[in-house]
Amino acid sequence: MASIVDVATYICENIAGITALKLQKIVYYCQAWSLVWDENPLFTDRIEAWINGPVVPNLYAMHRGQYFIDASFFKKLGGNSDNLEIEQKKTIDAVISFYGQKTSQYLCDLTHLEDPWKNAREGLDPNERGNREIALDSMAAYYEPLK
């Protein structure tokens, strides 16, 4: 299985000048669509429902304080897109093709409309921090009918 840093490296190799916020949303959608199309998670890291949408905390800890990120940043952390299988790259490519031209804010707003994030945030005030996990089965169940 790929690591989150391998996935982030590949995304950054294919979206120049990506913001940290947008990277988090693209990673989320890569995981969601991998669950649907490939019937497997792309990576093992936990995804949480933060105020600004889904976030992989382990990835956030790596890029915290960065606004724009490029592949060299993750390569310094051991990221290697060659660790991804062909099918994984195809999934990521499809996600990038669909979501890659969207703005960070658009992707943030989109995740706020979707059940996996909304359900994980249930009971929290809109501006309340939270670290509730967005369950993989919740993601698969929501995105499966959309394929």
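# Questions on a predicted model

Me: Leaving aside neighbours within four places in sequence, which residues is glutamine 24 in contact with?
Reply: The model is a predicted one. With neighbours within four places in sequence left aside, the contacts of glutamine 24 are Pro54, Val55, Val56, Leu59, Tyr60 and His63.

Me: Does glutamine 24 count as buried or exposed, and at what relative accessibility?
Reply: Glutamine 24 is found in helix H2. Buried means under 20% relative accessible area. Glutamine 24 therefore counts as buried, at a relative accessibility of 3%.

Me: How many Å apart in space are glutamine 24 and tyrosine 60, C-alpha to C-alpha?
Reply: Tyr60 is among the contacts of glutamine 24. The two residues are 36 residues apart in sequence, and their C-alpha to C-alpha distance in space is 8.0 Å.

Me: What pattern does the protein follow along the sequence?
Reply: The protein has eight helices and four strands. Read along the sequence, these give α-β-α-β-β-α-β-α-α-α-α-α.

Me: What is the radius of gyration of the protein, and why is the protein described as being as compact as a globular protein of that length?
Reply: The C-alpha trace spans about 40 × 35 × 25 Å along its principal axes. The globule rule gives 15 Å for 147 residues, and the protein is close to that value, so it is as compact as a globular protein of that length; its radius of gyration is 14 Å.

Me: Of the contacts between residues at least 6 apart in sequence, what percentage join residues at least 24 apart?
Reply: Of the 147 residues, 48% count as buried. Among contacts between residues at least 6 apart in sequence, the share that joins residues at least 24 apart is 74%.

Me: How far apart do the centres of the positive and negative side chains lie?
Reply: The protein exposes about 7700 Å², with 49% of that supplied by carbon and sulfur atoms. There are 14 positive and 20 negative side chains, and the distance between the centres of the two sets is 6 Å.

Me: Within what arc do the buried residues of H6 fall, seen down its axis?
Reply: Helix H6 covers residues 104-113, and its buried residues are Ser104, Leu107, Cys108, Leu110 and Thr111. They line one face of the helix, because seen down the axis they fall within an arc of 165°.

Me: Which elements do the buried residues of H6 pack against?
Reply: Ser104, Leu107, Cys108, Leu110 and Thr111 are the buried residues in question. They pack against strand S1 (18-19), helix H2 (20-38), strand S3 (53-55), helix H5 (86-99) and helix H7 (115-120).

Me: What is the relative accessible area of tyrosine 106?
Reply: Tyrosine 106 is also found in helix H6. Tyrosine 106 is partly exposed, with a relative accessible area of 40%.

Me: Phi of glutamate 39 is near what value?
Reply: Glutamate 39 is placed in the loop between H2 and strand S2 (48-50). Its relative accessible area is 67%, and it is exposed. Most residues other than glycine have a negative phi. Phi of glutamate 39 is positive, near 60°.

Me: Which residues does asparagine 83 touch, not counting those up to four places away in sequence?
Reply: Asparagine 83 lies in the loop between helix H4 (71-75) and H5. It is partly exposed, at 44% relative accessible area. Not counting residues up to four places away in sequence, asparagine 83 touches Asp6 and Gln88.

Me: How many Å separate the C-alpha atoms of asparagine 127 and proline 57?
Reply: Asparagine 127 lies in the loop between H7 and helix H8 (136-143). It is exposed, with a relative accessible area of 69%. Asparagine 127 and proline 57 are 70 residues apart along the chain, and the separation of their C-alpha atoms is 18 Å.

Notes:
Residues numbered from 1 in each chain as written. Predicted model: local features only at pLDDT ≥ 70, side-chain atom pairs only at ≥ 80, totals over all residues. Heavy atoms only, no water. Helix = DSSP H or I, 4+ residues; strand = E, 2+ residues; numbered from the N terminus. Rg over C-alpha atoms; globule rule 2.2 N^0.38 Å. Buried < 20%, exposed > 50% of the residue type's maximum accessible area, 1.4 Å probe, protein only. Contact = heavy atoms within 4.5 Å. Areas by Shrake-Rupley, 256 points an atom, 1.4 Å probe, with all protein chains shown as cover. Lys, Arg positive; Asp, Glu negative; His and termini not counted. Charge placed at Lys NZ, Arg CZ, Asp CG, Glu CD. Arc of directions from axis to C-beta.
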